[in-house]
Amino acid sequence: MSSSQLAAKLNAIQNKPNFSSTANVTDNSNNSSTDNSKFSLSGTFLLVLIALLPTLVVPFTLNLFGHTKLFLLLFGAIITGLLYFIQSFKTRAWKVVVSPLTLPLLLFGLAVAASTLFTQNYPVENLLGMGGVYLSAVLIALLGPSLISKKQTSGAITVLVVGTGLVNLASLLQLFGWGPTHLINAISAYEIEHTMVFNLAGSA
C-alpha cells in the first residue's frame with residue numbers, strides 16, 4: 001500500500017462522524033427537557049401559593065384573615081409534601097436543597113412539633129392554630145426549593161414582589177375609600193369600614 005493511499009484512509013477515519021456522541025447529546029437534551037417538564041407543575045403550584053398568601057381573603061368564616069391564611073398554608077404544605085414524594089419516587093432520589101437556613105429551619109420545626117405533640121393536652125387544636133402555621137411554613141420552606149426549577153426561582157421573587165405591591169395598592173385604595181372592602185361587604189355579611197384599618201395581609 002502506497003503512502004498516499006494510507007494518508008487517504010487516515011483522513012477518511014478522522015472525518016467520519018461520531019454518531020454516538022451525537023446520540024448522547026440528543027439524549028441529554030431530551031432528559032433536560034423532561035426534567036424541566038417535571039418541575040413545571042410543582043413550580044407553578046408554589047408560585048401560585050406565594051401569590052395567594054399575602055393577597056387572598058375568603059370572607060365566609062368568622063375570622064376571614066386567620067382562617068384563610070391558616071387553611072391556605074395547611075393545604076399548601078400537604079400538596080407540597082405530596083408533590084415532593086411523587087417527584088422523589090419518579091426520580092428514585094430524595095433531594096433537598098441545602099442552604100444556610102436549612103439547619104435552623106429544621107431545628108425550629110422539630111421544636112414546634114415536639115411542643116405541639118407532647119406538651120399539649122389537645123395537639124389537634126394546636127395543629128389547627130399557630131403550631132400548624134409554623135410547621136406548614138417550615139415544610140414548604142424545606143421542600144419547596146427542590147420542586148422549583150432554576151428558571152422559576154427568579155419568577156418566585158417576581159411573584160412575591162407583585163403580591164406585595166398588590167397589598168400596598170389595596171391599602172392605598174382603602175385610604176381613598178375605594179379598597180377591596182366594597183367587594184367583601186357586597187358578597188358577605190361583613191360590614192367593614194372603608195379605611196386603612198383593613199389590610200389584605202391580615203388586619204381589620
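This is a predicted model: local features need pLDDT of at least 70, side-chain atom pairs count only at pLDDT 80 or more; totals for chains, interfaces and linings use all residues.

Reader: Start with Ser 88. What is Ser 88 in contact with, leaving aside its neighbours within four places in sequence?
Author: Ala 93 and Trp 94. Contact means heavy atoms within 4.5 Å.

Reader: Where is Ser 88 found? And is Ser 88 buried or exposed?
Author: Ser 88 is in helix α3. Its relative accessibility is 2%, so Ser 88 counts as buried. The cut-offs: buried is under 20% relative accessible area, exposed is over 50%, partly exposed is in between, with a 1.4 Å probe and protein chains only.

Reader: How many helices and strands does the protein have?
Author: 8 helices and 0 strands. Helices (H or I, at least four residues) and strands (E, at least two) are DSSP runs, numbered from the N terminus.

Reader: What share of the residues is buried?
Author: 28% of the 204 residues. As for contacts with a separation of 6 or more, 63% are between residues 24 or more positions apart.

Reader: Back to α3. At what angle do α3 and α6 pack?
Author: About 35 degrees, with the axes 9 Å apart. α3 covers residues 64–91 and α6 covers 130–143. Axes are lines fitted to C-alpha atoms, for helices over the stretch in contact, and angles run from 0 to 180 degrees between N-to-C directions.

Reader: Which residues make the contact?
Author: From α3, they include Leu 73, Ala 77 and Tyr 84. From α6, Val 133, Ser 136 and Ile 140 are among them.

Reader: And by class, what is in that contact?
Author: 9 nonpolar, 5 polar and no charged residues. Ala, Val, Leu, Ile, Met, Phe, Trp, Tyr, Cys and Pro count as nonpolar, Asp, Glu, Lys and Arg as charged, and the others, Gly among them, as polar.

Reader: Which residues do ring pairs link into a cluster?
Author: Tyr 84, Phe 85, Phe 89 and Trp 94. Tyr 84 counts as buried at 6% relative accessibility, while Phe 85 is partly exposed at 44%.

Reader: What about Arg 92?
Author: Arg 92 is in the loop between α3 and α4 (102–118). Its phi is near 60 degrees, a positive value in a residue other than glycine. Most residues other than glycine have a negative phi. At 78% relative accessibility, Arg 92 counts as exposed.

Reader: Last one, α7. How many residues does α7 have, and how far does it reach?
Author: α7 (150–175) has 26 residues and reaches 39 Å from first C-alpha to last, close to the 38 Å expected at 1.5 Å a residue. The expected span is 1.5 Å times one less than the number of residues. Buried residues in α7 include Ala 156, Gly 163 and Val 167. Just after α7, Gly 177 has a positive phi of about 80 degrees.

Conventions: Residues are numbered from 1 along each chain as its sequence is written. Side-chain values use heavy atoms; hydrogens and water are left out. Rings of Phe, Tyr and Trp (its six-membered ring) pair if their centres lie within 6.5 Å; planes under 30 degrees apart count as stacked, over 60 as edge-to-face and the rest as tilted.
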